Amino acid sequence: MKNLVTDYWLLATGYWLLTLPILAPLLQYFISGLTNGAVYALIALGFGIIYNATTIINFAQGEMVMLGALCAISIYHLIPSLPIAFLGGVIIVSLVGLLFERLALRPVQDPAPITLIIITVGGAVFIKGVAMLIWGKEAYPLPAFSGDAPLHLGPATILPQNLWVLGLTVVLVLALEAFFRRTLVGKAMRATAYNPRAARLVGIAAGRMVQLSFGLSAALGAGAGILIAPLTLGVYDMGTMLGLKGFSAAIIGGLGSLLGGVLGGLLLGLAESFTSGLISSGYRDAVAFLLLLVVLFLRPQGLVGGRQ
Amino acid sequence: MKKIGLTLFLAGLALALGCGSGSKSEPYLIGGIFSITGPASYLGEPERNSMEMVAEEINAKGGINGHPLKLVIYDDEGDVTKARLHAEKLLQKDKALAIIGPSITPASMTVLEVTQKAKMPLISCAAAAGITAPAKDRFWTFKTAQTDEMAVARIYQYCQKHGIAKVAILTVSSAFGVAGKVQLLAQAPKFGMEVVGQEVFADKDTDMTPQLTKLRGTPAQAVICWGVGPAPALVAKNMKQLGFTIPLIQSHGAASKKFIELAAEAGEGIIMPAGKLVIYTQLSDSDPQKAVCREYAEKYKAKFKVAESSFGGYAYDAERMLNQVLAKAGNDQAKIRAELEGTKNFVGVSGVFNMSPEDHNGLTPEAFVMVKIHNGEFTLID
C-alpha cells in the first residue's frame, strides 16, 4: 500500500518537474536528438560494415544517403506511392554501391588501404557532382510516411516521422544482427572480415563478400536518407556533413561494432541537440568533431572497444 | 615596288581605322557580376537570365540608337574576392561602361570600392541599405533591389496594425540574416516593438527545433524568421511540429513559389513582405506595375521555361533603366551617372523608382506589399 502511494507521488512529481519551463524543453531536445541520432547510427553502421570487410573507410557513404533521398523523391514524383519510393530508392542505391565497388575499387592493382580510401573520397565528389547535374541545387520535399500531425508527449511534441525513423532504425539494426549471426551469407561475411585467406580456403568468395558489404552499406545509407527526407528535405549536398558526422559516430562508438555504431550515433545526436538547445545553436556542427577529437585522444578504440 | 606596297598598306590601315572609329555601330559594353553558381545561385541565375533577356530584346530592335548592347557577365560564385577580381577585369580589360550586380551584399560592398574609385556607374542587385548610403560616399553607386530596411519597416507596420508588440526573431547566420537582424533590432523601438527572443540558425541547418523550443518559452506574439533557401521552409515545418499558435512572419527572401512548395501545409497563414511580382494578378488594373510585372513574368517563363522570380526582377529593372539612360547619355560615364540619378517614375518589377542625389535606390517601403500564403498561393493582404 505504501509503495503505491510513494510511486504515485514520484510519478506526479516527475510529471510536474517535466512541465517546469526549464525541464520541459529538455524532453524536446531529447526527442530531436534521438531522431538525428538514429540517422547517424544507420550511417555509422554502413561505415562499420565496410570497415569490417575491407579495413578501409568508405567516404562515399554520405553520398549514398543523399542518393537514397533524391532517388526516392524522384520515384515518388513518377509513382506516388511511398513504399514503392522507399524500396526503389534502396534498391537503386544498393546497385550504385555494388557498382562503385566493382568499377572504382576492385580494378585497383595495388590496393593499399590509403589508395582505396582516397578513391572513395574521389568517388564521393564524383557522385555529388552527378547528383547536382541530375537534380540541380534545389531542395525537394518528400511527404511524411504517415502524415504531419504532431503527437503530444507531455510538454513536448513528436512527429509521426520521428517515430518512423526510430522504429525503422530499431528494425534494421535487429535485422542486421540476425543477418550476421544467423544467415550463412552473414556468417560468410564475418568470416571474410576476420581472415580473408582462411575464408577463401573454405570456399567463400572473398571478393563477392566485399562487394556485398558495399551494397549493404549503401542500402543502409539510402534507408537513412529516405527516412529523414520528409524532415530535412533532399538536397544534392546533404551527404557531405551527414557522412562526416556518421563517421564521427562510428569512431565514437567503436568502428566495426554493431552496438558501437548505434551507441555512437545516438550519443552524437543527443549531444548535438542538447548543445544546440542549452548552449548555442551555432555550435551544433562542431559537436560531432569535438567529440571525435576527444574520443581519439582518450579512447581511440571507441566506447564499445570496436573490432579487435 | 616597296614604296607602292607601303603606300597601299598605309592606305588600307587608314581605311580600316576610319571605318572603326566614329562608326554608328560601336557597341555599348555593359558588365555583369552575379552569383550564378554557389550558395546564392537562386539570386544570380535569374539575374543573369533577365539581363541577357533584356539585352537580346533591345538588340533585336536594332540596339540603342543603333548601338548594339554587348554584355560581359562574370560569375562570382558567391565569393567576395572573385567579385572584386571580376570588377577589376571589367574595368581594365573589358573597359565596361557600367556594371550591373553583384547579387549579394558583401560582394557589392567590395565591388563598389573599385567602381567608385574608377568613376564607373554600378547598379547593385543586393539588399543592404549600406550599398547606397551614405549618399555622399556612393556617388557612382545605385541599386534596384528593395532594402532590408524597408522590409523590416513594412513588417513592423503590419505588426503595429495587428496589435503585435512582442516578437521573437530567428535569423540566418549569413550576411543576409545578419543585416536583417541589425535592422530588426534597430527599428523595433521606432514601432513600439519589443524583441523578446533572438536565435540564429545556419544556412544549411535542417533542424531548428532547439532554437524554436527556446523561443516557445518567451512571451512572443509572433516569430519573425529572416533567411533564404530551404531553411525558412524548415522553420515553418518545425513551428507546426512544435505546436506554435502564434503567427510566423518571413522575410522577403521567402517570397517565392519554391518556398510554398517546400513548406507545404506548414506554409498556410505565413505572412511576408514581397515585391509586387508575386501577386501581380491581384493588383488593380490602375497599378502601373501590373503591366510591367505581367510582361516580365510571361517573357521570362516563355524563354526559360521556369517560373519568374523577384530576384531576377532586380537585374531586369537595372538593365531596362540603364538602356533608357544610355539612349540619352551615350557612352559618357559621367552623363550615364547623372541620368541614372535623375531617373523619375521608372516603373519596374521591384517598384516605382524615383532616384535623387540623396537616394540612389529610389524606392519606398511601398515597393513591398504584405502577402499571406493561403491554400498554397500568395494572397495580397496589404
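Among contacts in chain A between residues at least 6 apart in sequence, what percentage join residues at least 24 apart? In this predicted model, the share is 75%.

**Chain A as a whole**

Chain A contains 12 helices and two strands. Along the sequence, the elements follow the order α-α-α-α-α-β-β-α-α-α-α-α-α-α. The overall dimensions of the chain are collected below.

| Property of chain A | Value |
|---|---|
| Span of the C-alpha trace along the principal axes | about 70 × 45 × 35 Å |
| Radius of gyration | 21 Å |

**A residue in helix H4 of chain A**

A:Leu87 lies in helix H4 of chain A, which covers residues 82-105. A:Leu87 counts as partly exposed because it has 14 C-beta neighbours inside 10 Å, and a residue needs 20 or more to be buried. A:Gly68 is 19 residues from A:Leu87 in sequence, and their C-alpha atoms are 9.8 Å apart in space.

**Helix H2 of chain B**

Helix H2 of chain B comprises residues 41-60. H2(B) is mostly covered, with 14 of its 20 residues buried. Just after H2(B), B:Gly62 adopts a positive phi of about 105 degrees.

Conventions:
Residues are numbered from 1 along each chain as its sequence is written. Chains are lettered from A and ligands numbered from 1 in the order in which they are written. This is a predicted model: local features need pLDDT of at least 70, side-chain atom pairs count only at pLDDT 80 or more; totals for chains, interfaces and linings use all residues. Helices (H or I, at least four residues) and strands (E, at least two) are DSSP runs, numbered from the N terminus. The expected span of a helix is 1.5 Å times one less than its number of residues. A residue is buried if 20 or more other C-beta atoms lie within 10 Å of its own, exposed if 12 or fewer, and partly exposed in between; C-beta atoms are placed from the backbone. The radius of gyration is taken over C-alpha atoms; the globule rule is 2.2 Å times the number of residues to the power 0.38. Two residues are in contact if their C-beta atoms, placed from the backbone, lie within 7 Å.
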